Amino acid sequence: MSDAEIIAPATAFETEAAVTDYILAQEDKDQLRFLTCGSVDDGKSTLIGRLLYDTKLIFEDQLAALEKDSRRHGTVGEDIDLALLVDGLEAEREQGITIDVAYRFFATEKRKFIVADTPGHEQYTRNMATGASTADLAVLLVDARNGLMVQTRRHAFIASLLGIRHVVLAINKIDLVDYSQERFEAIKAEFETFAASFEFETQQAIPMSARFGDNVTGKSDKLAWFQGPTLLEHLETVKIGEEELSQPFRLPVQWVNRPNLDFRGYSGTIAGGTVSVGEELVVAASGKTSKVEKIITPEGERNSARAGEAVTVTLVDEIDISRGDLLASSVSRPDVADQLAAHLIWMSDDAMLPGRSYLMKIGSKTVTATVTEIKHKVNVNTFEHVAGKQLQLNEIGFCNLSMSVPVAFDPYEVNRQTGSFILIDRVTNATVGAGMVWFALRRATNIHWQALDVDKSARAHGLGQTPAVLWFTGLSGSGKSTIASMVEKKLHMEGRHTYALDGDNVRHGLNRDLGFTDADRVENIRRVGEVAKLFVDAGLITLTSFISPFQAERQMARELVGEGEFIEIFVDTPIEECKKRDPKGLYEKAEKGEIKNFTGIDSPYERPENAEVVLKTVGRDPEDIAEEVIEYLRANNYLVSPVFVDEGSGI
Amino acid sequence: MDVSADGLSQQRLSNLRRLEAESIHIIREVAAEFRNPVMLYSIGKDSSVMLHLAMKAFYPSKPPFPLLHVDTTWKFREMIQFRDETAKRLGLDLIVYTNPHGKADNINPFDHGSSAYTHVMKTEALKQALDKYGFDAAFGGARRDEEKSRAKERVFSFRNASHAWDPKNQRPELWSLYNARVSKGESIRAFPLSNWTELDIWQYILTEDIPMVPLYFAAERPVVERDGMLIMRDDERLKLQDGEKVENKMVRFRTLGCYPLTGAIESDADTLPAIVKEMLIARTSERSGRLIDHDDAASMEKKKREGYF
């Protein structure tokens with residue numbers, strides 16, 4: 001039993017019409033799904049019990065039963081043990097621990113909440129991942145006395161891996177450290193440092209005592225120094241999930257609805273975006289397109305529908321569509337591939353072995369799949385990448401998988417519904433693995449690429465320019481970005497089509513999972529190189545400003561594009577000058593050891609040996625330096641339309 | 001709520017619409033993945049909502065599975081009438097099954113106790129029915145908020161060939177990817193209403209105007225007071241004990257089951273809004289009206305392990 005969230009006094013409902021209005025007004029109530037994670041004894045069950053208790057969901061007879069139970073199993077003397085409200089199964093009660101995922105419900109005027117209660121034991125990564133897969137937000141509990149534990153790091157990591165963008169750091173048992181602000185601030189600061197790389201959209205630390213109710217649902221006098229919201233206030237107001245409406249449209253077909261020969265509908269739950277009557281859709285795997293004729297929703301026929309709705313659509317044309325197909329926006333198509341790279345969480349006692357055949361359920365499609373390679377395993381406590389030949393229970397691996405037929409999907413980061421899959425053991429039928437797609441592997445992404453008959457030269461011709469990568473390399477503070485930005489402005493004023501890639505627009509999005517270790521720097525440059533290649537393919541003059549310290553990666557980026565399309569520009573500013581400029585104070589921090597792996601200090605910079613352009617910057621006006629680059633481009637015919645030998649035949 | 005020019009809301013779906021869509025997704029998934037599914041229809045409010053959702057899920061087609069009612073022979077007469085009318089109105093196949101051995105032995109709640117009676121006439125009967133028709137999936141209207149052991153149950157709950165549930169060995173269930181694989185003899189119990197609460201149910205009934213058994217609404221009914229509960233004397237089989245007398249009272253039922261085991265509450269709520277109003281200020285939990293849960297502390301979990309829904 002739950003619910004009567006709304007403990008409005010009976011007198012508020014003088015007439016039935018008022019009740020009806022009141023209930024119908026609840027129609028707009030939002031839903032938030034969150035999970036709670038913490039180590040044993042952090043007080044997780046007590047916190048959930050407190051939320052349920054305080055939101056008055058615990059009815060008198062449940063309380064009566066609870067008092068009886070507390071005397072038998074309770075751990076807090078004659079007080080009611082709130083944890084007993086939520087620890088379900090008999091065996092767990094005997095052990096005094098929660099061992100599986102359980103779901104709780106409560107509601108306020110603003111939102112209904114579904115809580116996934118997951119255990120904090122070492123061996124239960126799979127349970128937490130299960131709870132996290134459907135959650136919008138994670139509440140990470142820590143005991144104020146102990147501060148951050150190895151488990152806290154693990155929980156933050158798994159939350160991030162499963163795509164949760166909002167976290168609450170619940171610093172519990174603050175009563176046991178005398179409601180100390182100093183203690184709270186110290187734990188909060190430590191968390192912010194280590195969680196920075198996860199780049200959660202919101203990250204709220206709240207001091208609380210679940211046992212005594214401080215700052216859970218009501219403000220506490222004892223925590224008067226804390227200016228932030230209570231846990232419940234935050235949960236009621238945090239903005240979540242609006243991005244799902246702006247995603248490209250996706251509809252995995254669950255069921256083909258054929259009541260008679262005159263009606264052929266495709267039923268499924270919209271996994272992203274919106275759709276309207278008349279819009280062109282594509283069957284991802286076959287590439288066939290048609291337009292939406294009707295949209296039938298549970299509420300009747302409609303002109304449009306959006307993410308989350310379970311709909312039935314009919315199309316103008318009769319095309320071959322069956323369960324397992326993915327209907328998608330024809331302008332923004334998913335990947336279709338028979339190989340992909342994914343993070344895989346292993347959930348079975350029997351280890352995952354590369355080469356073994358499993359069933360993969362992805363959207364509404366089930367295919368056979370094998371892991372062809374474990375690229376690395378991730379240590380969930382240190383986030384280190386380690387080598388491995390197999391995956392054991394609760395291990396996470398970054399793997400390549402190969403499927404029996406091409407399937408349609410999106411990267412998990414883009415869409416949690418179309419980017420996720422489970423693996424099923426073919427003999428026991430158990431769910432043994434959960435995967436999050438990272439990207440399609442290139443060999444297989446040819447399905448809709450074949451349809452492209454507009455090529456690079458056609459695009460370049462249309463834009464009236466010769467595409468190229470201007471690859472700026474140099475130390476931090478050498479002036480790469482400043483010069484690149486000026487060059488871009490000059491090109492723009494000449495009517496050239498350009499795009500600039502730099503740390504600001506890449507590190508925060510595409511490469512936000514990367515740090516500054518050598519391995520991550522390599523990957524950073526590899527991705528920048530790939531993106532630059534695509535932009536060149538689109539016909540753009542592409543400017544990249546990255547330290548890119550290693551010769552090997554610059555060479556790799558060079559080889560990704562065609563002959564003459566890669567212009568390496570070495571911004572040659574001596575390190576002494578860079579230190580003197582130090583616009584972000586980074587050298588100072590690096591020399592104190594506050595920043596690790598800093599190029600020029602404790603990480604090497606390999607000077608380019610065959611750069612097309614070398615820019616000396618000391619004592620010069622950046623304007624002049626930028627002009628030097630433009631002159632190079634002009635002199636080498638980059639700023640004129642490419643000449644076609646057989647004009648027009650490319651299109 | 002922000003509405004764009006084409007009338008499309010720019011917000012996420014509301015709680016109720018989200019629950020509705022999730023349930024429809026689950027119902028369609030079962031219909032698509034299983035060879036021979038069935039929907040358990042218990043006639044109560046949760047079943048009524050589940051059936052309503054099934055009708056929506058396949059519109060304009062009919063749900064591609066029959067309804068199954070396990071009749072203990074002790075249901076309220078009004079329930080049976082409502083059941084038959086509903087199946088007819090919606091044009092659905094209805095299978096009614098009663099444990100023939102229990103019937104032959106006249107197993108009843110008075111002589112055999114509620115626990116043994118429930119085991120034979122409900123749990124055993126259900127297993128017999130599933131075996132007889134070879135159903136490999138059965139929908140149930142259970143909600144996770146009803147009771148503690150339900151809170152841990154999966155949406156697709158795996159049952160072995162003896163229909164037993166193993167709470168320690170449940171399949172992980174991530175995203176909305178449900179594992180529907182079973183071997184011969186094994187089955188899945190599917191719970192499309194897992195994430196609904198009682199208020200959601202009532203709110204949805206009100207919003208969608210779903211027909212309900214009249215027993216939920218207050219009326220003058222003949223009741224006797226027994227073990228602190230008001231039991232309706234639905235027919236002559238309820239024998240009066242010493243000192244008991246039948247009185248006509250304004251009562252209604254918060255849950256429906258076998259009439260000798262289902263307590264009525266005194267109420268004059270005779271419309272849906274009145275019922276919801278009463279629920280909002282209720283001080284008694286839903287299942288306290290059912291005798292079976294009082295038998296022992298973890299009775300529900302035990303029953304579920306044995307194959308009860």
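In this predicted model, a salt bridge (a side-chain nitrogen of Lys or Arg within 4 Å of a carboxyl oxygen of Asp or Glu) joins Lys56(B) to Glu20(B), with 2.8 Å between the closest N and O atoms. Lys56(B) belongs to helix H2 (residues 45-58) of chain B and Glu20(B) to helix H1 (residues 15-33) of chain B, so the pair ties together parts that are 36 residues apart in sequence. Helices (H or I, at least four residues) and strands (E, at least two) are DSSP runs, numbered from the N terminus. Lys56(B) is buried, with a relative accessible area of 15%, and Glu20(B) is buried as well, at 3%. Here buried means under 20% relative accessible area, exposed over 50%, and partly exposed in between (1.4 Å probe, protein chains only).

Arg83(B) forms a salt bridge with Asp84(B), and their closest N and O atoms are 2.9 Å apart. Arg83(B) is buried at a relative accessible area of 5%, whereas Asp84(B) is partly exposed at 36%. Arg233(B) forms a salt bridge with Glu236(B), where the closest N and O atoms are 3.8 Å apart. In this pair, Arg233(B) is partly exposed at 24% relative accessibility, while Glu236(B) is exposed at 59%. Salt bridges also link residues of both chains: Arg323(A), Lys361(A), Glu29(B) and Glu33(B) are connected in a network. Over all chains, the count comes to 55 salt bridges.

Ser420(A) is placed in strand S22 (residues 420-424) of chain A and is buried, with a relative accessible area of 1%.

Elsewhere in chain A, strand S5 (residues 166-172) is largely enclosed by the rest of the structure, because 7 of its 7 residues are buried. His166(A), Val168(A), Ala170(A) and Asn172(A) point one way from S5(A), while Val167(A), Leu169(A) and Ile171(A) point the other way. Strand S4 (residues 137-143) of chain A pairs with S5(A) in the parallel sense over 7 bridges; two strands pair if DSSP finds at least two bridges between them. Within this pairing, Asp143(A) stands opposite Asn172(A).

Helix H13 (residues 551-560) of chain A has buried residues too, namely Glu553(A), Arg554(A), Ala557(A) and Arg558(A). These four cover an arc of only 145 degrees around the axis, which puts them on the same side of H13(A); the arc is that of the directions from the helix axis to the C-beta atoms. An α-helix has 3.6 residues a turn, so residues three or four places apart point the same way. The buried residues of H13(A) pack against strand S24 (468-473), helix H12 (518-537) and strand S27 (566-572) of chain A.

Chain A contains 16 helices and 28 strands, and chain B contains 8 helices and 10 strands. Buried residues make up 55% of the 651 residues in chain A and 64% of the 309 residues in chain B. Of the contacts with a separation of 6 or more, residues 24 or more positions apart account for 72% in chain A and 73% in chain B. The accessible surface comes to about 27,300 Å² for chain A, of which 50% belongs to carbon and sulfur atoms. For chain B, the accessible surface is about 11,300 Å², of which 47% belongs to carbon and sulfur atoms. Accessible areas come from the Shrake-Rupley method with a 1.4 Å probe; for residues, only the protein chains shown count as cover.

Residues are numbered from 1 along each chain as its sequence is written, and chains are lettered from A and ligands numbered from 1 in the order in which they are written. Because the model is predicted, local features need pLDDT of at least 70 and side-chain atom pairs count only at pLDDT 80 or more, while totals for chains, interfaces and linings use all residues; side-chain values use heavy atoms, with hydrogens and water left out.

Conventions. Contact = heavy atoms within 4.5 Å.
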